[in-house]
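The sequence and structure come next.

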Amino acid sequence: MVVFTCGACGESLKKAQVEKHVLKCRACQVLSCIDCSKDFWGDDYKNHNKCISEDQKYGGKDFQAKANKGDVKQQQWIQRIQQAMEQPDIDPSVWKVLQMVSTHDNVPRKRAKFENWMKNCLKIYTPCLLEKVWEICSTTADSNSNHQTANERKNDGAETKENKRDERKNKKSKRKTSEEQNGEKTDEKQRRKKRKREEKEQNGQNADEKSSKKQKKRKREAFDESLNPEGEEPENQESESNSTGKFNWKGTIKAVLRDAPEDGLAVKKLRKKVLAAYHSFTGDSNFRSEEELLSLFNRKINNNPKFKILKDRVRLLK
């Protein structure tokens with residue numbers, strides 16, 4: 001934002017405040033810019049829309065200012081408004097408004113914001129006048145932009161040929177690199193597929209093992225449910241038998257324990273003798289697995305009150 005100082009009274013003034021100040025301060029003939037210290041006589045200050053920044057002022061000889069896109073567009077917009085004032089046969093009311101607009105450096109470039117800005121800052125509310133001012137500013141801006149685009153097209157035409165050559169070279173180099181990368185990618189894909197196959201095979205084996213374990217567990221549960229609370233099988237159920245009848249678990253265990261010492265017999269020895277008697281009794285007609293026989297033997301000795309288990313030994317109570 002440009003700020004001036006009055007040469008007569010020394011008051012600091014923004015650009016939009018100069019006209020009102022001139023009416024009050026009759027001795028004001030020259031204005032000085034605070035940033036660049038230049039003097040402006042009469043209405044010359046109106047063309048001074050932008051000045052150097054503090055960085056440029058104190059940055060030294062080697063300072064290079066970075067162009068701000070917003071400031072560049074704003075300066076172009078102000079220049080177009082000043083060009084619109086130079087058009088022939090312009091309405092005096094419109095010219096007066098444009099003159100007021102050109103004294104500001106923060107003029108919006110969109111229609112809605114432009115009209116609101118004129119209502120708030122310039123106190124202009126006539127819709128017809130607002131529309132005329134906007135149309136003349138926008139048409140001037142469009143004609144300038146078309147002229148710039150025509151020049152840009154000429155420059156672009158020369159640049160496109162060079163860009164096409166560079167693009168062809170880049171495409172060739174990209175093809176080579178992409179072919180190399182694709183070769184590496186195919187190897188990685190094959191490795192991933194191999195890993196997936198191995199994982200599926202392992203999962204299939206694990207699933208088969210789990211299903212077999214479940215089946216065994218179901219058989220055990222079914223066998224346990226078939227027994228009565230005392231661990232005996234019901235008479236109507238199919239049991240290990242030969243032509244003489246059913247194997248007597250209880251009697252066999254008692255007979256083995258009667259021949260044992262007073263402190264009883266080890267569980268392993270008792271189980272070995274009872275199962276040997278069972279296999280000799282059933283012969284080829286045995287339909288039970290070893291796990292089922294072990295669980296049945298454990299039930300017989302645990303659920304019968306005449307058998308006392310102390311640590312790893314079993315004793316017969318009299």
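In which sense do β1 and strand β2 pair, and over how many bridges? The sense is antiparallel, and β1 (residues 3-6) is joined to β2 (residues 12-14) over three bridges. Strands here are DSSP runs of E with at least two residues, helices are runs of H or I with at least four residues, and both are numbered from the N terminus. Two strands pair if DSSP finds at least two bridges between them.

The model is predicted, so local features need pLDDT of at least 70 and side-chain atom pairs count only at pLDDT 80 or more, while totals for chains, interfaces and linings use all residues. Residues are numbered from 1 along each chain as its sequence is written, and side-chain values use heavy atoms, with hydrogens and water left out.

Five residues lie between β1 and β2 in their hairpin, and Gly10 in the turn has a positive phi of about 80 degrees. β1 also runs antiparallel to strand β3 (residues 30-33).

| β2 | three | Ser12 |

Phe4 and Cys6 make up the covered face of β1, whereas Val3 and Thr5 are on the uncovered one.

Lys50 lies in the loop between β4 (39-41) and α2 (54-58). Lys50 counts as partly exposed because its relative accessibility is 46%, between the limits for buried (under 20% relative accessible area) and exposed (over 50%), with a 1.4 Å probe and protein chains only. Beyond its neighbours within four places in sequence, Lys50 is in contact (heavy atoms within 4.5 Å) with Val2, Asp71 and Gln75. The C-alpha atoms of Lys50 and Val3 are 9.7 Å apart, with 47 residues separating the two along the chain.
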